[in-house]
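Here is a short briefing for a first look. Keep the sequence and the 3D view side by side as you read.

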2 protein chains.
Amino acid sequence: MSTEPAHPTAAPRTVAQAGEDGVLAIIMAELGDQARPANDLVTMTLPPGDDAAVLQLPDDGAPARIVLTTDTLSQDQDFRLEWWGPQDQGLPAGRAVGLKAAAQNLSDLNAMAATPISLLVSLTLPGATPLDWVRGFYGGLAEALRTPGAQGCVLAGGDLGSGPGISVSITAVGRLPGSRQPLTRVGARAGDQVAVSAGLGRAAAGLALLEAGHDCAGELAGLRDAQIAPRPVLTTGAQAVQAGATAGMDLSDGLLRDAGRLARASGVRIRIDEAPLREHTRALEPAAAALHLPEAQTLHWAAAGGEDYALLATFPAEAALPEGFCRVGEVISADEPHESEDADGAPEVIFESAIDELGWDSMRA
Amino acid sequence: MSTEPAHPTAAPRTVAQAGEDGVLAIIMAELGDQARPANDLVTMTLPPGDDAAVLQLPDDGAPARIVLTTDTLSQDQDFRLEWWGPQDQGLPAGRAVGLKAAAQNLSDLNAMAATPISLLVSLTLPGATPLDWVRGFYGGLAEALRTPGAQGCVLAGGDLGSGPGISVSITAVGRLPGSRQPLTRVGARAGDQVAVSAGLGRAAAGLALLEAGHDCAGELAGLRDAQIAPRPVLTTGAQAVQAGATAGMDLSDGLLRDAGRLARASGVRIRIDEAPLREHTRALEPAAAALHLPEAQTLHWAAAGGEDYALLATFPAEAALPEGFCRVGEVISADEPHESEDADGAPEVIFESAIDELGWDSMRA
């Protein structure tokens with residue numbers, strides 16, 4: 001990453017200075033209507049910013065709605081081959097990267113309540129990459145496509161190229177069956193329950209173990225695997241829609257940051273409660289202990305750690321949450337005054353806890 | 001690229017030793033039926049190997065057929081920022097890379113006679129990348145989407161990430177309007193004319209100029225631009241279908257290599273004639289002269305140079321070729337004996353010329 005210092009007072013000149021949101025603003029300005037049109041070929045039924053795009057093909061008998069998302073995993077940014085160096089991490093590097101690349105994209109489709117129909121894989125490899133790595137990678141993809149919710153999804157093509165490091169770009173194509181509406185970030189209402197579909201902070205704890213060179217034996221192996229080879233449940237989006245979810249999104253950049261995005265899109269605020277997060281931190285305690293970190297670190301992992309690949313969704317107050325979902329907070333009105341309000345107004349996410357609100361910005365150095 | 005020596009007698013162990021075709025064979029073996037299925041969600045109507053995949057969504061009133069392709073451009077593999085170093089190359093690096101990334105994918109859809117409806121862009125950037133590069137890149141994409149044949153195609157999403165070098169993965173989604181059949185590599189018959197839709201070898205000549213550090217002034221600028229910022233005609237696929245084309249594919253790895261692939265898929269042989277290629281080499285002569293290369297180099301560029309982004313198609317003997325297409329040879333029967341036949345049988349492509357049959361293997365060192 002760049003070692004250039006950020007100059008917050010000067011206009012940003014590089015990608016690292018602008019950060020992900022700054023770069024996105026530039027992209028949207030440059031594209032104008034080409035990112036958000038309706039014409040006689042295709043209608044984008046959502047504004048940009050959700051986990052996936054929904055395209056409607058208007059000239060079909062029954063309008064076909066396809067859902068599209070793309071993500072890239074890069075060596076040394078999203079995984080390190082050194083993690084597999086002297087230690088056997090239970091499953092080979094290629095297989096783990098295949099599982100993670102598939103999970104990242106299939107989880108985005110799940111978060112829109114779409115059914116995956118196809119993956120396209122663009123793979124950049126150094127010439128010295130062992131063929132066993134390639135075998136493992138496609139074996140990992142194939143395993144991901146046997147997950148409930150992804151069965152029936154096919155690998156429809158790809159591209160092979162050479163480069164100095166491994167880079168995997170996957171595009172996932174989904175459908176919205178029948179008249180099912182996509183689950184989006186828009187729709188949360190004051191009084192809604194806020195819930196998550198899986199344990200939080202596990203991948204972040206796993207990352208800390210791997211970066212510390214820990215051997216991840218015994219009970220720590222599950223946390224390691226949440227980082228190197230996530231296997232998200234891919235039926236939670238459809239379950240959430242069934243249960244009446246009002247909004248939803250993939251949890252990939254940490255609960256607090258992603259809840260802020262959902263709140264902004266829905267025009268509400270979200271209060272995250274510490275007590276239910278404590279249900280999630282217990283599973284992280286062995287990692288904090290192994291790394292001699294204070295116990296508060298587990299709350300940081302659960303609230304701000306990325307790559308959970310869980311569903312964050314809001315449900316009406318009276319709704320019964322689907323099996324496997326845990327309530328973590330409540331939607332509150334944007335108009336309700338709040339004591340932490342300052343000159344910029346109240347924050348979109350209210351989390352009264354000792355830890356900072358820290359997410360992860362993939363672009364900022 | 002790897003500097004490892006290839007050991008043709010030993011079983012290949014790395015990607016560089018196996019080459020692109022070897023790696024593809026491993027992928028297909030690993031995936032098995034997951035690369036070629038028909039189930040109740042989706043039917044892949046083509047075997048893998050064409051420029052794009054065609055998916056049929058069977059539960060629509062009128063079956064919707066979407067066409068998908070993906071390609072990656074990597075810094076130092078597909079372009080070098082040093083090309084823009086001391087010299088102004090007419091258009092900035094970001095804009096050129098945007099044009100090329102779009103061209104690569106839109107050209108694949110064109111080769112299937114599909115209408116582009118959407119692009120997804122996964123962009124990996126070093127933190128120090130100037131924001132002007134990003135603006136230029138999306139400006140180049142937007143320009144490509146104003147090309148006849150691509151108008152109406154929208155940018156439907158993307159992904160931003162960090163990495164040591166610039167890497168651009170684009171997925172293009174197309175449709176087959178009405179009852180139009182896709183143009184594929186299968187279908188060429190003995191007696192067909194073999195034709196190309198644009199000048200050959202221009203991008204290869206441009207690459208040679210750039211790699212030599214030439215300033216590409218005057219008449220050489222067009223060859224440079226064919227390499228750094230190709231602007232393919234995106235209506236030739238539909239034109240070819242209209243004119244009765246029996247088979248077709250995107251020319252990206254050089255005429256001789258790609259003609260061999262089409263011949264293999266169709267179960268025929270193809271004879272490429274030197275005389276019509278001479279029509280293509282004339283435009284390359286200034287580059288050979290500027291680089292003090294023998295005149296025969298121009299024939300090598302035209303016959304084996306990659307990245308032409310033109311359509312290679314076969315037409316019945318009696319068909320009138322569409323405007324802009326040039327005949328370059330003829331389809332001959334695989335059974336017809338040929339003097340160059342050896343123990344392995346006759347080659348799929350017959351080109352009687354002084355130059356070697358040399359294409360470009362993206363994986364082989």
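UniProt positions are given in the numbering used here, and annotations may be inferred rather than shown by experiment. The model is predicted. From the unreviewed UniProt entry come three "binding site" residues: Thr70(A), Asp71(A) and Asp159(A). The points below start with two of these, then turn to chain B.

**Thr70(A)**

- Thr70(A) lies in strand S3 of chain A, which covers residues 64-74.
- Buried means under 20% relative accessible area. Thr70(A) has 4% relative accessibility, so Thr70(A) counts as buried.
- The Thr70(A) side chain comes to 3.1 Å from the backbone oxygen of Ile170(A).

**Asp71(A)**

- Asp71(A) is also placed in strand S3 of chain A.
- Its relative accessible area is 10%, so Asp71(A) is buried.
- Leaving out residues up to four places away in sequence, Asp71(A) touches Gln104(A), Asn105(A), Asp108(A), Val168(A), Ser169(A) and Ile170(A) in chain A.
- In chain B, Asp71(A) touches Ser122(B) and Asp159(B).

**Positive phi in chain B**

- Ala113(B) is not a glycine, yet its phi is positive, at about 65°.
- Ala113(B) sits in the loop between helix H2 (93-111) and strand S4 (115-125) of chain B.
- With 2% relative accessibility, Ala113(B) counts as buried.
- His292(B), a residue other than glycine, has a positive phi near 55°.
- The loop between helix H9 (285-290) and helix H10 (296-304) of chain B holds His292(B).
- Exposed means over 50% relative accessible area. His292(B) reaches 74% relative accessibility, so His292(B) counts as exposed.

**Helix H8 of chain B**

- Helix H8 of chain B spans residues 274-281, and Leu277(B), His280(B) and Thr281(B) are buried there.
- An α-helix has 3.6 residues a turn, so residues three or four places apart point the same way.
- Ala275(B) and Glu279(B) are exposed on the other side of H8(B).

Definitions and conventions: Residues numbered from 1 in each chain as written. Chains lettered and ligands numbered in written order. Predicted model: local features only at pLDDT ≥ 70, side-chain atom pairs only at ≥ 80, totals over all residues. Heavy atoms only, no water. Helix = DSSP H or I, 4+ residues; strand = E, 2+ residues; numbered from the N terminus. Buried < 20%, exposed > 50% of the residue type's maximum accessible area, 1.4 Å probe, protein only. Polar contact = N/O pair within 3.5 Å; in protein donor to acceptor, adjacent residues only side chain to side chain. Contact = heavy atoms within 4.5 Å.
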